[in-house]
Amino acid sequence: MPHAALTRETVASHNKPGDLWCIIDHKVYDLSDFVDAHPGGSVVLEQVAGTDATKAFYNLHRQEVLEKYSSLCIGTVEGEKSEVVVRGIGELSTVPYAEPLWLRPEGKSPYFKDSHRALQRKVRGFVDEFVTPEAQEKEKDGTYISQELIDRMAKNDLLAMRLGPGKHLNGKNLLGVVKGEEFDYLHDMVQAQEFVRSNARGFQDGNMAGMMISLTAVLQWMPDSPFKRQVVEDVLAGKKKICLAITEAFAGSDVAGLRTTATKTKDGKHYVIRGTKKWITNGMWCDYFVVGCRTEKGFSVILVDRQEGVETCLIKTSYSTTAGTAFIEFNDAKVPVGNLLGEEDKGFIVIMSNFNHERFMMCCGVIRMSRTVVEECLKWCNQRIVFGKPLIEQAAIRQKLAKMISLVEANQAWLESIAYQMTTMSYAEQSKHLGGPIGLLKSYATRSAHDIADEAVNIFGGRGITQSGMGKVVEMFHRTYKFDAILGGTEEILADLGVRQAMKKMPKAML
Ligand code: HEM
């Protein structure tokens, strides 16, 4: 950044096409050669030539525009200092409600220890530096995550961490701040909430979401064998990719209605898999698929490797193709019987217990994204001038913000409480006691996201439906929050699950 000190009089003399300067946030920009490339056209820039255009600029642009075009800055106004606060890599946002209460400088919490705070700082730095730039690029061009980023995450144990607590973390010193054995579900929540801050919903799933919801089932339910160890090692090293393949064109949340079959060969040594799967996240590039199949007397879950007879084809959904969402056909794919997860015909328990962590992760994500939308709205309402005053001065707008903030804080508080309960329970206890509450939270969090997205678009107006510029985060959230409302069980199914599970525990006596 140049340090030339320039007077306002000097700036005022550069006031015509070909010699066009202006001041934004006490800094001087030479826009002479930029006018023709300006997406907002040359006329508007000529109108502010030689003047302080701070208000006009922030009425229309994100701060990151100035960072991107910092080379246009030629100096600072003499005796003045920049006022706009820019969040540096790894830093917390200073916008009210942009961070959960426990992360605010004054925030206290009974749940979070130093190691949670240390992990938060490390993951935020990593995401800001390495994930967000790639996420933004891939979200736009639709290509898949780079092997370089996968390798970097693997090297830093971030792939392993994202499966949640467990033996797979033993002996590791996670990002140098948490011993693998001490990593709990609050750490898990912290990393999950930090990862989604890249604001790229397709890439969020493209970034190994398939692994997060399928390797967990392999770890938990596949008997120990050299093959299992190799699969886990290769996936956690980023050398191989894996995803969960349950949903079909015929049946979504209705697992009992699946039609893909696994038939045992006559010698009893193999399963032959036949059928199709739809909306399989990461399916396009995976080497392994954790597949839900009908077996002779029920439903089973089987690990299938990519082989002849396994075809994947891209599905275009409303988020970016960077997620690698696939339609898959298994045309007599053959795997050894040792690839069975859990017991034959008893796959329901495998899937149901695996769902808990998946849904918990989705709650972490959608609640954190909702908070980012609130942050965007607060920033916009503060800087946007309408009818001669900032948008925030309209009472109707403040009502909307109050509702959005309340929804986010209520959801976060419930999430933290559930994460804490998870730290006190075994995997089996979580399946027994928390399936219902997690289902209800996911259902409520996505209904809240629906309201938040709706209000946010109204606040942003045209920009809330425009994929670039000021409203891009809001536009993306409004277009994609439904993924969280549908994937891993729809709102209605999960709300129903929550109530049905509660009724199972209802005392038998008349009350
Ligand atoms: C350093 C100076 C500037 C740079 C680098 C810049 C850059 C940009 C960029 C990248 C966009 C595309 C939208 C976005 O990404 O936000 C844009 C849009 C626009 N700019 Fe600028 N701009 C500058 C100054 C100004 C000023 C001073 C004005 C007005 C007085 C202005 C008026 C506009 C308008 C009207 C649009 C269209 C915005 C919309 O429809 O929301 N720009 N500008």
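The model is predicted, and the chain is divided into domain 1 (5–77), domain 2 (101–207), domain 3 (235–345) and domain 4 (355–504).

**Domain arrangement**

- Between the C-alpha centres of domain 3 and domain 4 the separation is 31 Å.

**Helices α12 and α15**

- Helix α12 (residues 347–383) and helix α15 (residues 472–486) have axes that come within 11 Å and cross at roughly 160 degrees.
- Angles over 145 degrees count as roughly antiparallel, and α12 and α15 are therefore roughly antiparallel to each other.
- The crossing in which α12 passes α15 is left-handed.
- On the α12 side, the contact involves M362, G365, V366, M369, T372, V373 and E376; these meet V473, V474, F477, Y481 and D484 in α15.
- The residues of this contact of α12 with α15 are 8 nonpolar, 2 polar and 2 charged.

**Helices α12 and α13**

- The axes of α12 and α13 come within 10 Å, with a crossing angle of roughly 155 degrees.
- That angle makes α12 roughly antiparallel to α13.
- The α12 and α13 crossing is left-handed.
- From α12, the residues C363, C364, I367, S370, R371, V374, C377, L378 and C381 take part; in α13 they meet I397, L401, M404, I405, V408, N411, Q412 and L415.
- Sorted by class, the contact of α12 with α13 has 13 nonpolar, 3 polar and 1 charged residues.

**Helices α8 and α13**

- Helix α8 (residues 185–195) packs with helix α13 (residues 395–423) at an angle of about 140 degrees, and their axes are 8 Å apart.
- This angle makes α8 oblique to α13.
- Y185, L186 and M189 of α8 make the contact with L415, A419, Y420, M422 and T423 of α13.
- The contact of α8 with α13 has 7 nonpolar residues, 1 polar residue and no charged residues.

- Helix α12 contacts α15 through residues including M362 and G365, and contacts α13 through residues including C363 and C364.
- L415 of α13 takes part in the contact with α12 and also in the contact with α8.

Technical notes:
Residues are numbered from 1 along each chain as its sequence is written. This is a predicted model: local features need pLDDT of at least 70, side-chain atom pairs count only at pLDDT 80 or more; totals for chains, interfaces and linings use all residues. Axes are lines fitted to C-alpha atoms, for helices over the stretch in contact, and angles run from 0 to 180 degrees between N-to-C directions. Helices (H or I, at least four residues) and strands (E, at least two) are DSSP runs, numbered from the N terminus. Angles under 35 degrees count as roughly parallel, over 145 as roughly antiparallel, 65 to 115 as roughly perpendicular and the rest as oblique. A crossing is left-handed if the near helix is turned anticlockwise from the far one by less than a right angle, and right-handed if clockwise. Two residues are in contact if their C-beta atoms, placed from the backbone, lie within 7 Å. Ala, Val, Leu, Ile, Met, Phe, Trp, Tyr, Cys and Pro count as nonpolar, Asp, Glu, Lys and Arg as charged, and the others, Gly among them, as polar. Domain bounds come from an automatic or database domain assignment.
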